[in-house]
Amino acid sequence: MILRFLGHSAFYLEGEALKILIDPFLTGNPLCPVKPEEFFTLTHILVTHAHNDHVGDTVMLAKRTGATIVCEAGLADYFEEQGLSVLSMNIGGRVGPFHMVTAVHGSTLQSNPTRDGGIACGFVVTIDGVKIYHAGDTALTMDMLLLKEEHIDIALLPVGGRYTMDWSDALKAVRFIEPSFFVPMHYNTSIHIGLDKKNMVAPRDIRTKILAPGETLEYRTK
Ligand code: NI
Ligand code: MN
């Protein structure tokens, strides 16, 4: 499978049968190297919570590609009302390749704050036998200890601080999860979550893969 970082918390995952965007904040994302118009075929769009920097271009992309939006039930209603294809789940649920897991964070629907934006979540996605954990926006939580048993290959963790974990908490999360390696996300897209590369250092036994926006990673199960 391949994984492409699109800046902030946006990732494109592609396997034999799945073409997935997670948190497709492309328009307005200062680090995103692609336009939403460049995606013609998608099977799913995973949305971790209702904040603008995660919902992003979801509605437009779902309309254009017919992709199924995978999200928590409260937010699912919002997309369903717009006639979009939605796979509604809740925390702890497993459907096919998707496992919805906890995140500690808000989920106000910023584009329409009077209605329910559901609750924030993370996802474990299994694609061609590779397990990817996308933490969404979250604090460091004890729940991450449970992910160790999932044998995560790639952990995508927010590191920007202020709204989520910072770098040092992300390293603690890695100790809990024990993924094959971890990819930092949710940093350097605004002045509030700036992070200097020279401070992004980890102990030698923590395998870190810092992806530049646009960079693609190919990964196979051993
Ligand atoms: Ni958020
Ligand atoms: Mn965010």
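Q: Is aspartate 137 buried or exposed?
A: Its relative accessible area tells us, because under 20% means buried, over 50% exposed and anything in between partly exposed (1.4 Å probe, protein chains only). Aspartate 137 has a relative accessibility of 2%, so it counts as buried.

Q: What kind of model are we looking at?
A: Residues are numbered from 1 along each chain as its sequence is written, chains are lettered from A and ligands numbered from 1 in the order in which they are written, and side-chain values use heavy atoms, leaving out hydrogens and water. Local features need pLDDT of at least 70, side-chain atom pairs count only at pLDDT 80 or more, and totals for chains, interfaces and linings use all residues, since this is a predicted model.

Q: Which residues are the protein donors of the nickel ion (ligand 1)?
A: Donors are N, O and S atoms within 2.8 Å of the metal (3.2 Å for Na, K and Ca), and water is not among the atoms, so sites may look incomplete. Around the nickel ion (ligand 1), the protein donors lie 2.2 Å away, and they are His49 (NE2), His51 (ND1), His105 (NE2) and Asp137 (OD).

Q: What arrangement do the 4 donor atoms around the nickel ion (ligand 1) make?
A: Four donors are tetrahedral if all angles lie between 85 and 135 degrees; four are square planar and six octahedral if opposite donors are over 155 degrees apart and all others between 65 and 115; anything else is irregular. Here the angles run from 89 to 178°, which makes the arrangement irregular.

Q: Which residue coordinates both the manganese ion (ligand 2) and the nickel ion (ligand 1)?
A: The manganese ion (ligand 2) is held at 2.1 to 2.3 Å by Asp53 (OD), His54 (NE2), Asp137 (OD) and His186 (NE2). The two metals are 3.2 Å apart, and the residue coordinating both is aspartate 137.

Q: How many residues apart in sequence are the parts tied together by aspartate 137 and histidine 186?
A: Along the chain, the donors of the manganese ion (ligand 2) are spaced D-H-x82-D-x48-H. Aspartate 137 sits in the loop between strand 10 (130-134) and strand 11 (154-158), and histidine 186 in the loop between strand 12 (181-185) and strand 13 (216-218), so the parts tied together are apart by 49 residues. Helices (H or I, at least four residues) and strands (E, at least two) are DSSP runs numbered from the N terminus, and the separation asked for is 49 residues.

Q: What is the relative accessible area of histidine 105?
A: Histidine 51 counts as buried because its relative accessibility is 13%. Histidine 105 is partly exposed, because its relative accessible area is 23%.
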